[in-house]
Amino acid sequence: MREELRPIADKVFQGQRLSFQDGVMLYTTPDLHTVGALANHVREKWNGNIGYFNINRHLNPTNVCVVDCKFCGFARKPNKGGYTMSLEEAYHHASQGYSEAVTELHIVGGLHPYLPFSYFTDLLRGLKERFPKVHLKAFTMVELDFLARRAKLPVEATIQALKDAGMDSCPGGGAEIFAERAREIICDHKVSAERWLDIARKVHHLGLKSNATMLYGHVETVEERVDHLIRLRELQDNTGGFQCFIPLAFHPANTQLAHLPAPTAMLDLRTISVARLMLDNFPHVKAYWIMIGAKTAQLGLNFGADDLDGTVVEEKIVHMAGAQTPVGMTRTEIEHLIRDAGRDPVERDTLYRPVHRAAAA
Ligand code: V47
């Protein structure tokens, strides 16, 4: 172990909180193996030898969006060739893949300027009617902010209305990078970091769990990544409402930042590890195979991650930004990856409760 990591290792083994400077050191030391081993220690303390996955499906009802994020290849400006599903089309999409015994629908989309708020409550109600056992993980903090403005309601009332209609928890997207400097470059019209965090606080106070993400590998600095993690850790100290952190590797193709190089596997693994070490109050860290590829995600299970996400079935957001991974995986493929990484595959529901099945679906 390199000398500079010794004090950090001592803190990790004593269960002490790491500082901003520690986070920067973990990101800059050449000794990635030690960083990974420390993260693995913490990962095993939280989750033993389990490698979680779930049987889920993504549903993106529209890609029409009024915010012009430079990193996005998915969104289309209004009247510029985007798509918007009718409710019936959305139900049809949701039903494809249901045969795989889906336990979660992950529902996110663009900020559509004309869809009424009732579209979203009707969508949730219609999905619950058709798939009563499926957990609806729906709408990022950015969408909740936008829907509140569409509904002309306070954000708390908006969250409550969506919850009443069937929203069971919220995904972690839209956080991007909190630091103002980088946020202004990549998504200057998006809600501020403070607003994102404040809405997450409200979601948690209304009794819903949510996830958190960080988009890395674009214009952000190491310090800005560590700052992002610490802001999430502070909110989690307050609410305990985050379940899982998901690092999101930037995919440049078809975006306004296409000139930037894509993050490497080294940065992918390091980000998983640093997140696991800094986010000492998050139960789970995901190696999202869609973003970093199945092989790097598998390595991630020994660098701090305990979860690979799920079958997904039809991913659009990063595939429209050039992702080369498949758009979905089967249960058998995911279980094989986890087992081959030396972990015990456990199918979970969205709230990380093991799913027991009489026979594989
Ligand atoms: O919010 C958009 C990001 C997010 C690109 O909560 C991009 O369980 C990389 O949040 N390159 C959506 N990333 C994905 C997401 C997510 C995924 C899986 C699980 C969960 C969860 C959440 O993807 C967006 C944005 O931050 N994104 N464009 C791109 N070109």
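This dialogue explains how to read several features of a predicted protein model.

Q: What conventions apply to the model and its numbering?
A: Residues are numbered from 1 along each chain as its sequence is written. The model is predicted, so local features need pLDDT of at least 70 and side-chain atom pairs count only at pLDDT 80 or more, while totals for chains, interfaces and linings use all residues; side-chain values use heavy atoms, with hydrogens and water left out.

Q: How many helices and strands are there in the protein?
A: Helices (H or I, at least four residues) and strands (E, at least two) are DSSP runs, numbered from the N terminus. The protein has 14 helices and nine strands.

Q: How compact is the protein for its length?
A: The radius of gyration is taken over C-alpha atoms, and the globule rule is 2.2 Å times the number of residues to the power 0.38. Here the radius is 19 Å, close to the 21 Å that the rule gives for 361 residues, so the protein is as compact as a globular protein of that length. The C-alpha trace spans about 60 × 50 × 40 Å along its principal axes.

Q: What percentage of the residues is buried?
A: Buried means under 20% relative accessible area, exposed over 50%, and partly exposed in between (1.4 Å probe, protein chains only). Buried residues account for 60% of the 361 residues.

Q: Which strands pair with E1, and in what sense?
A: Two strands pair if DSSP finds at least two bridges between them. Strand E1 (residues 50-54) has four of its five residues buried, so it is largely enclosed by the rest of the structure. E1 pairs in the parallel sense with E9 (residues 344-347) over four bridges, and Pro 345 in E9 is the bridge partner of Gly 51. E1 also pairs in the parallel sense with E8 (residues 307-310), over two bridges; there, Asn 54 stands opposite Gly 310.

Q: Where is Leu 235 found, and which residues does Leu 235 touch?
A: Leu 235 lies in helix H10 (residues 222-239) and counts as buried, at 4% relative accessibility. Not counting residues up to four places away in sequence, Leu 235 touches Leu 197, Ala 200, Arg 201, Gly 240 and Phe 242. Arg 348 is 113 residues from Leu 235 in sequence and 25 Å from Leu 235 in space, C-alpha to C-alpha.

How values were computed
Contact = heavy atoms within 4.5 Å.
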